[in-house]
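Thanks for coming. I will walk through a few local features, beginning with a pair of strands. Please have a look at the display first.

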Amino acid sequence: MRRFGLAVDRTSPRTEGGTEGPTVLALMFNRTSRRWRPSVRSVEGARRFGCVSHPVTAGYGAPHPGSSNPGERPRAAMSPSKPPSGPFPYPTHASWAEHLYDAIVNTCDEHGLVPVPRSAVLEGLAPALGHGEAKRVIEARRGGRFLKPTAFHIEKRGTDHALMLLNVALHGAATMPWALNDRIRSDWLHPTATTVTAMHELVDAQFHCDRAKAAVDRAKGAQRALAASATAAEKDAAVEALKAAEDEHARAERTAEQRRQALGGRMPLPTVRTVKEGNSFCAALSGAPVSSGVAAATQKYAVERLRYRGRQRNYDLKESLVLEGQREATVVVLQLTPMADYERDEKPVEAWRLYHVTGNNRADCRQQIFGVAADQLLTGVPHVLLKLDDEVENKRLILRGLAEILRRLSSLLNTEYADPDRDMEGRAERAKRIAEVPTRVVVGAIQPERLETALRDLNVHDHLRGQLVYDDEDRGLGIWSTIVNAYQAKGLLTELLAKEITKGRIVASDLDHAAVADALVGAGPLEPLGKLLVPGEEASPRALRDMAIRCATVLLFPPVPPRPAGLSPRSPMPTGSYWTTVRQALQEAPWSQQNGAKARRRSEVWAAVVAQHFVHRGNLLAMDSAFTALEVQFGARSDKRSLSALTEACRKGDAEAWETLVRRHLLPGLVNAPEPLITSGQGSEKGEDRKGVRRTPANATLALIDAFTNPPDGVTRDLLLALAENVLGAPDTSPTDGLAQGTFWAPDENGSPRIDVLADKAWFDTTFPKVSGSGPKRKTKSSGGDDVDTEDFEGRHGETSTEIDEEIDEPPAIRMTRLRGELPNQVARAQVALQNAQHEATALLEAIKAAVAARKDAGLPEEPAEVQKGYVADCKEAQQQAGSLGPALSEAIIAVMEL
């Protein structure tokens with residue numbers, strides 16, 4: 001027997017359970033008698049075999065609730081006639097879908113892997129398989145059905161990331177681009193409560209904007225439809241209605257633009273989790289429940305950013321697929337998207353779809369060729385777009401079942417392809433080479449709870465080790481995920497954070513290593529990092545963001561233990577397991593080869609990581625000098641004090657606390673802001689729209705640090721502390737009158753805001769001018785003055801300090817620690833001084849050339865010989881001083897090797 005389309009439907013008095021229920025009259029074809037005969041079947045069975053379409057269809061199972069026409073009875077989806085044949089496949093039979101699931105389960109049990117859920121196979125995988133494809137990969141054995149050995153392979157066998165990949169041919173339009181693609185990772189924000197709420201507000205604003213635009217179109221249509229004999233009152237009413245609609249549309253557009261600016265033109269990265277059936281994980285993913293509007297907007301944004309990056313390709317990928325088809329197999333994963341459709345009584349809708357882990361650009365180009373949109377394939381395709389020739393158009397009907405969508409699409413394209421007079425540039429002709437494409441589907445995993453990590457490894461590897469174009473920020477985030485995974489695989493992630501961040505206050509077992517890893521790489525919220533905060537400190541967005549930055553600093557610049565006593569000079573330095581983990585992930589040179597390349601590369605990764613915690617991203621080069629080679633080699637030590645404790649220490653005059661606050665906590669906010677105070681220092685110096693002066697990031701940072709002990713005119717400690725508070729809290733502020741989100745008024749000498757004076761680069765460069773030379777040495781806390789509140793100290797302890805006749809020598813170990821801690825700042829000062837010297841020499845040359853040209857234009861004689869000799873002598877003296885820098889730096893390089 002072969003089933004064909006639905007003929008009629010009626011209501012049966014009773015179902016198997018004894019309740020009222022619908023049945024259908026299906027047509028059955030008997031091959032023996034070669035005749036058609038009617039057969040009464042339940043609607044559930046008819047839908048199971050794809051013979052009926054509900055206003056919201058769902059593949060091989062029961063239809064999703066939430067019809068676009070509540071209360072409407074099911075209707076025929078496909079014509080009862082035989083669908084046209086052609087190169088475009090139809091979904092596989094429902095019975096073979098069950099056989100395929102049984103084969104996957106048995107094969108996974110045989111190899112010790114966890115399979116995908118049954119619903120994922122029936123509703124996501126089987127509808128995308130062409131007729132006979134499931135039969136091709138299954139074989140029958142004594143123990144049941146199994147996958148053929150040639151139909152699958154196990155990726156990364158013997159590791160925690162082992163995956164079973166099923167090699168099949170899928171419908172060319174069945175797969176979708178993945179939002180978690182690492183090539184566009186930097187285009188997403190970290191998913192926090194603030195950014196997720198802002199995204200929902202943006203989607204609502206865009207929805208109202210679309211509604212308002214439709215109202216304007218209706219008002220224009222009503223005005224044009226007025227007859228010439230219409231009264232003046234009717235015409236005036238039409239004009240007023242149009243003006244009101246246009247005003248509402250303009251207001252909705254302004255609101256949507258404000259919501260878009262609040263997110264910096266980006267969206268928070270969607271979070272996914274491994275699917276659980278009962279208490280067991282399965283080899284499939286599931287997103288967080290969202291509205292259908294948010295799901296569609298997220299998918300649209302992912303496709304938009306993917307197409308923007310695809311412009312870097314030096315050939316047209318879409319035309320390449322049309323001419324040659326797709327040769328290489330890509331990896332896809334089954335993912336569930338739970339949606340609550342608020343326009344349809346908030347009834348839940350679940351969609352199983354196939355998402356590309358690799359080959360995202362090919363998936364998008366194929367969908368463009370087929371003429372379908374990824375967001376519609378996810379949330380529902382209007383019936384108007386897939387209406388068959390013998391159907392009546394229903395503008396309220398939405399098709400959500402993947403089987404129904406692909407069946408209709410193949411029917412339309414096969415009909416077009418069968419026409420001998422078809423357009424040779426039409427959809428059917430252009431899509432015939434990608435009607436089916438080779439694909440590797442994830443159907444099993446050794447540790448399904450780490451499925452997302454294993455998939456990201458595949459994606460990152462293709463970008464870091466392959467030939468694909470990878471932007472600097474995306475490369476940095478890909479390397480960062482590799483480092484975090486390396487720590488996690490060795491069991492060192494929570495151990496290092498507990499040891500360095502809390503200084504042993506908590507142990508590694510107090511932290512959820514999986515949740516911490518997700519928070520660090522952006523796959524989850526930051527709340528799991530709250531356990532690292534100082535007891536009593538509120539887990540505010542500012543504190544969690546700062547803690548994430550601290551963790552990134554420790555993991556990228558881990559501490560190296562001191563050199564053991566008695567170790568011979570030629571013996572390799574025992575660097576410990578932390579530094580080795582980062583070195584292996586970054587594929588760096590040995591520890592002994594200290595150079596600036598390591599520092600620049602790690603600083604770039606650090607800059608890319610911290611930028612994800614801010615709405616506006618600064619240039620990665622603005623943090624090029626954030627870390628030195630010494631901090632790479634010995635580690636960047638973390639301060640266990642909280643932000644409030646550091647600020648209070650600065651208020652009491654602790655210069656070292658201020659330097660720590662600036663370099664480790666303020667710098668990300670100074671760079672990643674709507675009005676950045678520290679920039680990369682590049683560009684033309686003569687630009688009329690330039691804010692501030694051209695200076696290196698190291699110079700700007702050093703100027704802010706020196707302002708604490710050697711303040712310029714008009715700079716007070718109250719101003720510095722107010723600036724610090726504003727920078728730390730700016731990402732969480734809301735837009736106000738005269739201020740955009742994330743900006744603030746410049747503080748005055750008392751720390752109060754100066755209204756109408758925006759804190760931008762021009763104000764920063766004026767308040768903290770460029771520094772030159774090494775500058776005065778910084779006071780220590782024991783030097784007296786107002787750096788230490790000695791009166792308060794003596795009052796608390798009831799004793800006074802005394803001065804003895806002989807000086808007390810500083811112990812060598814303490815002197816070594818102090819001098820070693822001062823080295824990074826001294827190196828930074830030397831670099832700034834040399835850069836300033838080079839800049840001044842270039843300016844001198846340009847000034848002399850300009851003076852010579854002006855003298856010639858004026859026709860005046862040359863300067864007297866005595867004056868020229870004086871200038872020459874001064875320049876030679878400066879040249880000799882510059883020449884002496886080389887030997888001094890060479891001696892410093894030799895001396896530092898014995899540090």
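In strand E13, Ser286 is the bridge partner of Arg273. This is a predicted model, where local features need pLDDT of at least 70, side-chain atom pairs count only at pLDDT 80 or more, and totals for chains, interfaces and linings use all residues. Residues are numbered from 1 along each chain as its sequence is written, and side-chain values use heavy atoms, with hydrogens and water left out.

Helices (H or I, at least four residues) and strands (E, at least two) are DSSP runs, numbered from the N terminus.

Strand E12, residues 272–277, pairs with E13 in the antiparallel sense over 5 bridges; pairing requires that DSSP finds at least two bridges between two strands. The hairpin has 2 residues between these strands, and Gly278 takes a positive phi near 75° there.

Next, helix H3, residues 118–125. Here 6 of the 8 residues are buried, so H3 is largely enclosed by the rest of the structure. Ala120, Val121, Leu122, Glu123, Gly124 and Leu125 are the buried ones.

The axes of H7, residues 292–310, and H9, residues 360–370, come within 10 Å and cross at roughly 105°. Axes are lines fitted to C-alpha atoms, for helices over the stretch in contact, and angles run from 0 to 180 degrees between N-to-C directions. H7 and H9 are therefore roughly perpendicular, the term for 65 to 115 degrees.

Note on methods:
Parallel < 35°, antiparallel > 145°, perpendicular 65-115°, else oblique. Buried < 20%, exposed > 50% of the residue type's maximum accessible area, 1.4 Å probe, protein only.
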